[in-house]
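Here is a short report on one protein chain. Take a look at the sequence and the structure, then read on.

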Amino acid sequence: MAGSGGLGGGARCSQGAGAGPGAAVRAPRAPLLLAALVLGAYCLCTLPGCCPPAARVPAPAPAVPPSAACSLGAPVLPVASGPGRQRFPQALIVGVKKGGTRALLEFLRLHPDVRALGSEPHFFDRWYERGLAWYRSLMPPTLDGQITMEKTPSYFVTLEAPRRIHSMSPDVKLIVVVRNPVTRAISDYAQMLSKTPSLPSFRALAFRHGLGPVDTAWSAVRIGLYAQHLGNWLRYFPLSHFLFVSGERLVSDPAGEVGRVQDFLGLKRVVTDKHFYFNATKGFPCLKKAQGSSRPRCLGKSKGRPHPRVPEAVVQRLRDFYQPFNQKFYQMTGQDFGWDREARPAQGLPGDV
C-alpha cells in the first residue's frame, strides 16, 4: 500500500499545485499535447528519407534439412557422435569399384580399433569444394590408438584424388582392392544391367565396331587399367604407402587377406578365420557375427550377384588386351596376381551379352 499510495499521492500533488478551478481544466491539455507531438513525429518518420533507418540485425540462416540438402546434390551422411574426437582418416580404401571394397570394409569394422565411415563420402572426387573441415565432420569419433577409415573406390581412377589426399595427409595409408580386370568389367556391367535392363550388350559396349578395338572410354574397361592409374598415384606417394589386396583371395581366404591389412595398419590380428563362414548360395564369405549384432550376416543382395554369360571370344579378346597392363602392374607392385593364368570367369545368367 505504501507504494501505491506514493504513486497516487504524486498525482494528487500535481493536481493540487494549481490555483483554483482553472488549473483543473488546463491540466488535461498537457497529455493531449504530448500525444499530438508523438503522433506527428510518427507520421513524419513514415515519410521516405525523414528518419534514419534503424540498424537491422541479420536473421540467422535457416538450417538446411536433409531432404533439401539432397535436392541440392549434397550427400546426406550420418552425423558422427560418440566419445573421442573426429580426425582425418589415417587409412583410405581408394579402389577399385567391384573389387571387394565393401566386403573388406565390413570385415575390418569387426576390429575394435577400427572406426570407419559406413557411407562413401566421395569427398576427393565430387565434394572437395566443401572443404576439409566438412570432410572431418563426417568422420566417426575415435579414441587414442584407434584408426579412422573411409572407403570410396572411385578415388583410384580420379586424376585429382592423389594430389588432394596428399594435401590432407602425406602419411596416409592407402589400400587398393584389385581383381581380374576382365571379371571386374563383367561384374561392373552386371550392376549396370540390374539398374538399366535396356543397356546394349557387353560386347557392344566393350568394343568398337563389333569386335574391333577395345573401347577404353567405357568406364567398365578403363577402371581395369590398374598400371595407368597407379602411375598417377606414385607421383605423390611412395609404394610403401600402399597395400594391394587380392579381391580373389578376399573370397577364397578372407581371414588371410584381412590379416595382411591388419598388419599393414599396425593392428593386432583380431579378425581371424573364426569370424567367417562361406555361404555356398552366394558364393561369398559371410560374417559369423556382424558388428553390433550377435547374428550372422552376409553382405547385401547385390554382393555375389551372378554374372551374365559373355561369349568366349569376347572374354579372350579382353584377356589379350589387359595382359600387358597386368604385367606392368605386377612389376610396379611386386605382386603377381595370376590373372593371366586364370580360367574363364564364372558364368551365371543365361543368354550371351
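## The chain as a whole

Of the 353 residues in the chain, 41% are buried. The model is predicted. Its secondary structure comes to 14 helices and 9 strands.

The chain exposes about 19,000 Å². Carbon and sulfur atoms supply 59% of that area. Now take the contacts in the chain with a separation of 6 or more: residues 24 or more positions apart account for 72% of them.

## The open sheet

Five strands form an open sheet. Its order is β2-β3-β1-β4-β5, and the pairing is parallel. Which strands stand at the edges? They are β2 (114-116) and β5, each with a single partner strand, so one side of each has no neighbour in the sheet. On average, neighbouring strands are turned by 25° against each other, direction ignored.

Ala116 stands opposite Met149 in β3.

Is β5 buried or exposed? All five places tell one story: 5 of the 5 residues of β5 (residues 242-246) are buried, so the strand is largely enclosed by the rest of the structure.

In a regular strand the side chains alternate between the two faces of the sheet. Both faces of β5 are covered. Phe242, Phe244 and Ser246 are buried on one side. Leu243 and Val245 are buried on the other.

## Helix α13 on the sheet

Helix α13 packs on the sheet and touches β4 and β5. Its direction makes about 175° with that of β5. 8 of the 11 residues of α13 (residues 254-264) are buried, so this helix too is largely enclosed by the rest of the structure.

Which residues of α13 are buried? They are Pro254, Ala255, Glu257, Val258, Gly259, Val261, Gln262 and Phe264. The cover over them includes both helices and strands. Among the helices are α5 (101-108) and α12 (247-252). Among the strands are β4, β5, β6 (276-279) and β7 (284-287). Just after α13, Gly266 takes a positive phi of about 75°.

## Two helices against α14

Two packed helices are described by the angle between their axes and the distance between the axes. Helix α8 (residues 181-195) packs with helix α14 (residues 312-333) at an angle of about 125°, and their axes are 9 Å apart. That makes α8 oblique to α14. Pro181, Val182 and Ile186 in α8 meet Val315, Leu318, Arg319, Tyr322 and Asn326 in α14. By class, this contact has 6 nonpolar, 1 polar and 1 charged residues.

Helix α11 (residues 226-233) also packs with α14. The angle is about 35°, with the axes 8 Å apart. On the α11 side, the contact involves Tyr226, Ala227, Gln228, Leu230 and Gly231. They meet Phe325, Lys328, Phe329, Met332 and Thr333 in α14. The residues of this contact divide into 6 nonpolar, 3 polar and 1 charged.

Most residues other than glycine have a negative phi, and most peptide bonds are trans. Some places in this chain depart from that pattern.

Start with the loop between β1 (91-95) and α5, where Val96 lies. The peptide bond from Gly95 to Val96 is cis, with omega near -5°. Lys98 lies in the loop between β1 and α5 as well. Its phi is near 60°, a positive value in a residue other than glycine. Lys98 is buried, since its relative accessible area of 14% falls under the 20% cut-off.

His209 lies in the loop between α9 (202-206) and α10 (219-222). His209 has a positive phi of about 60°, although it is not a glycine. Is His209 buried or exposed? His209 is exposed: its relative accessible area is 74%, and the cut-off is over 50%.

Terms used
Residues numbered from 1 in each chain as written. Predicted model: local features only at pLDDT ≥ 70, side-chain atom pairs only at ≥ 80, totals over all residues. Heavy atoms only, no water. Buried < 20%, exposed > 50% of the residue type's maximum accessible area, 1.4 Å probe, protein only. Helix = DSSP H or I, 4+ residues; strand = E, 2+ residues; numbered from the N terminus. Contact = heavy atoms within 4.5 Å. Areas by Shrake-Rupley, 256 points an atom, 1.4 Å probe, with all protein chains shown as cover. Axes fitted to C-alpha atoms, helices over the stretch in contact; angles between N-to-C directions. Parallel < 35°, antiparallel > 145°, perpendicular 65-115°, else oblique. Nonpolar A, V, L, I, M, F, W, Y, C, P; charged D, E, K, R; others polar. Pairing = 2+ DSSP bridges.
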